[in-house]
Amino acid sequence: MNQINRLREGGRIDRARTLSFTFNGKRYQGHAGDTLASALLANGVNIVNRSFKYSRPRGIVAAGAEEPNALIQLGGTESAQVPNVRATQQALFDGLTAQSTNGWPNVQRDLMSLVGKLGGRFMPPGFYYKTFMAPASMWMTYEKVIRKGAGLGRSPMERDPDSYDHLNQHCDLLVIGAGPVGLAAALTAARSGTRVILCDEQEEMGGSLLDSRELLDNQPAVQWVERVLDELAQCDNVTLLPRTTANGYHDHHFVTLHERRTEHLGETAPQGAGYRPTRSRMHRVRAGQVLLATGAHERPLVYGSNDVPGNLVAGAVSTYVRRYGVVPGNKLILSTTNDYAYRAALDWLDVGREVVAIVDARQAPDGELVAQARARGIRIIEGAAVLEAKGGNRVSGARIAAIDAEAFKVTGQAETLACDTIASSGGYSPVIHLASHTGARPSWNEESLGFVPSLVRGVHAAGSARGVHDLAEGLADGAAMAEQALEALDRPAGPIALPQVDSLREGAACAFYQVPHEKPTLRGPKQFVDQQNDVTAAAIELATREGFESIEHVKRYTAMGFGTDQGKLGNINGMAIAARCLGKTIPEVGTTVFRPNYTPVTFGAIVGRHCRDLFDPERYTALHQWHVEHGAEFEDVGQWKRPWYFPKTVNGKSETLDEAVARECLAVRQGVGVLDASTLGKIDIQGPDAREFLGRVYTNKWAKLAPGRVRYGLMCKDDGMLMDDGTTSCLGENHFLMTTTTGGAAGVMEWLELWHQTEWPELQVYFTSVTDHWATITVTGPEARKLLSEITDIDLDKEQFKFMDWREGQVADVPARVFRISFTGELAYEINVQANYALHVWTTLFEHGDKYDLTPYGTETMHVLRAEKGLIIAGQDTDGSVTPEDLGMQWAVGYDKPFPWIGKRALSRSDTRRKDRKQLVGLKPKDSAVVLEEGAQIVFDPDHAIPMPMVGHVTSSYYSAILGHGIALAVVKGGHHRIGETVYLPMVDGQVHQAEIVSNVFYDPKGERQHV
Amino acid sequence: MSNLVAQNIRTFETHPGVEISAESPLVFFHQRSGAPAPCTESRVALRERALLGHLILRGGAIVLDEAVHSVLGFGLPAYPNALSRDEGGERSIQWLSPDEWLLIVPGGEEFGLEGKLREALGDAHYAIVNVSGGQTLLELEGEAARELLMKSTPYDVHPDNFPVGKGVTTVFAKANLILRRPTETRWELVLRRSFADYLYRWILDAGEAYAIGVEV
């Protein structure tokens, strides 16, 4: 293939290495060192995309992150698809496959453009808001259609073969940008010995010096770059991160850097020696100080049809010519407001192509670059501008006329000059995005004609990033700002020797943004402000006419600077146009807020390794392996994996949840079952004031609990609402073991520490979590004593070891504490052993359990059994609005305790004394086959007109195998006094269930079974 | 050894008097997935120091320091976030919070040691809690150990900030652990039992780039 625009020599590409790539199905060649954009330009590809809204053909405009048009869909295979990659930032590799993100059937002959040309007329700003406003219910339908037509890439439909990771970095100074300013700053800081990170988004560090005409120390600037990078690479205290974009500046100098590690090598990471590197990496940097050397983006001028392929920003022309050896056309017209852009014309001329004219908006420009251009015979048209580009798929000419920038008027007769490329420059906008992420509003600098960043403490900006555009001044500024940062760190460094620059005297630039046209903006050819979002000058003018005066409103109404663009090229021009229309100055109009991320970040890099089986911690008990091997289905309880039920295989078929739970329930009621209860929170409490402390955090009394005894306790928040419950055992006079719910463990621990540390520091007591230290095995059922007695030396006699006692001894030869407490209503022993011995105890139980048909059961059976007994689960039957009395648990509230325990006062408020509070009751469905839905709403009168007054809801509901009917716990207004009444539960499907309000204790109401 | 009641505290010997196999929190992982063996390319090695004795000490620094000194011959670390060790490095004490230290000793020593400390502490207000079943200790060693830690914890593990003898409780992946640096080359991680499997899998995943090897 023929690279028609490739220069025979020059640039930083390796002509010896030819790379093939495919764009929109066509094969091309480029060279190592190319970006996809430079390779496309080398091959004379004019149209790289179709525009978002109007479907106009679009070409490459810029050479960096600010490129608005060359957004491509990367990837030759489905799994490697990456949307919205800027071709200007994608290094070329052999075999690269890319497509335009918009355009159907292809960008050359786009059918949508017909619609766009017709439709564009009818799509003013706010079109979507106006058209699709009503009915609101239809928005979801509209949205799908709009999305499909909108383009802007698509995500892969297959699993990503690559991996990604995070690296947490810390440094004293983070320097963002490795152009001349960043390099001078990094070198200064490096010599101080502080920890420095230097990152740069490009393939190579060096920034503008990679295509500079200027000499440093009388040598090409790149030689200085190489020397500095060599020195930095030698420094142990410096981390160099090329291909790394600082995308987000978060609080306290936390900056996220996205490093593309293998994206220049292939579409998936290459297989290394035994290991495939991560494709990209998120560096999570916590910096002491941050120095922004992010440079500036050149502003294009806003003129008619400025989006026809062949319109570029001036600096990009220089970059393509000097860095990539590509000259993207033959005949150039430059339209400028400043001296610096003259470089583009000189660079163009240097490689032997024709410069038709330089059109300068200023009268009598007189800088040294202007003089050079004059001396080389370039025609300079003063006080004029390009009004309008001519051409369809490529620029064919430019209409030029004298203008009055101040009066926004064309003052002369237009002439049309033939050309194929128009470069424009309207000045330079400091890249203030990162500074803006900190929340600091930038301020307008009249001298450099741009917004310069306002800086929060610890952030420094240097060089172009703060409007210091001259190279010599920028180098000095970089070093000086680094010194300033080092002083803040108290690590001052000596000055470095800056390279010698022969600065050229520049004439003043003029403030000029939108070029006037003979026709009014609304009638003339489209003047694009934001090409990515298809926002025109006319759209902004219309928005201001419709009353949008705040720039934030204008932005939202027109979509200017939205999405991946973040206003890099267009925002200042847009503000200038809004300011003109509103009769204000740019600083009066102000700027919009830039948000992270600066450029799109692949989701993989955000997720890192927190995916698949490492997505979230899974907490396991000491018996987890046994559960897995015995076919348990698991339930998530917080981060714990608890066995939910243990399905058996019956007649070659695995039991359903209902079948397994019915079997497990009956086993416990009639034989013996075993539960892994290790996840219960356990807190060791020691100290002479432990008992007093318990009395203050629990609602019930603890003064008389003797060693060897256990008591159930309720814990309320200070609002009087139940927070957690559990048993606490008295181990010694000054020693207690508290249990909490599985999910509440950490919260209760913090609660105890909070009250101890802030309210009662005088109490001598310590709390230590022992949740993980102990494994808890619950053996329960009528046969529990017989089974346990086979393997323990503890006297299990019912008079010696009563309900709510605990004893110490050996179980299966392992030292154990055994607690006779019951969450099933049956005879039950909770065996606590050091977790490392749990499996031995558990398997020994099974060795002895065969003859009792010992049945392992899970959380579902546990829930049913406790519901049959009316025992609550904090968090299921309570929701933070339920008091102990609402639960009918007055017996566990010690109103006469000497110290006012947490929640006591709230329980005497009129609201908590109300008679019609929702109270916990049992519900027995009238139809014994019905199992009510948890969450179902309860009404007293099903014939009441809708909306019916809702008087409560079902909190727990199960089928009880032992009772042969459904049971439910519910909260019902005034329920405690409504026992025997019928309530109704209207369901979504129109059925209305009837249920009788009954006691919440369905089974063994006298509680005899747990005492046997 | 019998359990003792001193100052109305009930201590508890957790180890059986007969030979019974104990299982570290990592048993499940080892049996399920195995562990990569060390090889010549390994730039980081992982070892578990299973079944050690772990005691939490709570109380005032001065009384605890005296008691620990008299029983173990070395004292509490002199600073927050610091670690002190006996000469052989077998026993260590780490500052965890202003009134909390972690004492790690060879497995089986913890019960006797607790008794001696209680004796030495007399009437002082303090707490000693055996948590040996609830945690385990991992060692990371090798040139890539620090980078592996950087992948995993937001805490700054650069030698400037994390000299030998330091120890912290910090975030690691999406869990917590205790991270300490007893020697120039070795890092220790104290994990809670229930999180151990997750953390272990995380470490092996993060270590893949450095051909991590598990030394048994």
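Author: Let's start with A:Asn218, which is found in the loop between β10 and β11 of chain A; strands here are DSSP runs of E of at least two residues, and helices runs of H or I of at least four, numbered from the N terminus. This is a predicted model, where local features need pLDDT of at least 70, side-chain atom pairs count only at pLDDT 80 or more, and totals for chains, interfaces and linings use all residues. Residues are numbered from 1 along each chain as its sequence is written, while chains are lettered from A and ligands numbered from 1 in the order in which they are written.

Reader: What is phi of A:Asn218 near?

Author: Most residues other than glycine have a negative phi. Phi of A:Asn218 is near 60°, a positive value.

Reader: Is A:Asn218 buried or exposed?

Author: A residue is buried if 20 or more other C-beta atoms, placed from the backbone, lie within 10 Å of its own, exposed if 12 or fewer, and partly exposed in between. A:Asn218 has 9 other C-beta atoms within 10 Å, so the residue is exposed. In that loop also sits A:Asp217, whose phi is near 50°, again positive. A:Asp217 counts as partly exposed because it has 14 C-beta neighbours inside 10 Å.

Reader: In what order do the 6 strands of the open sheet run?

Author: Two strands pair if DSSP finds at least two bridges between them. In chain A the order is β48-β49-β50-β47-β52-β51, with antiparallel pairing. The edge strands, β48 (937-938) and β51 (982-986) of chain A, each pair on one side only.
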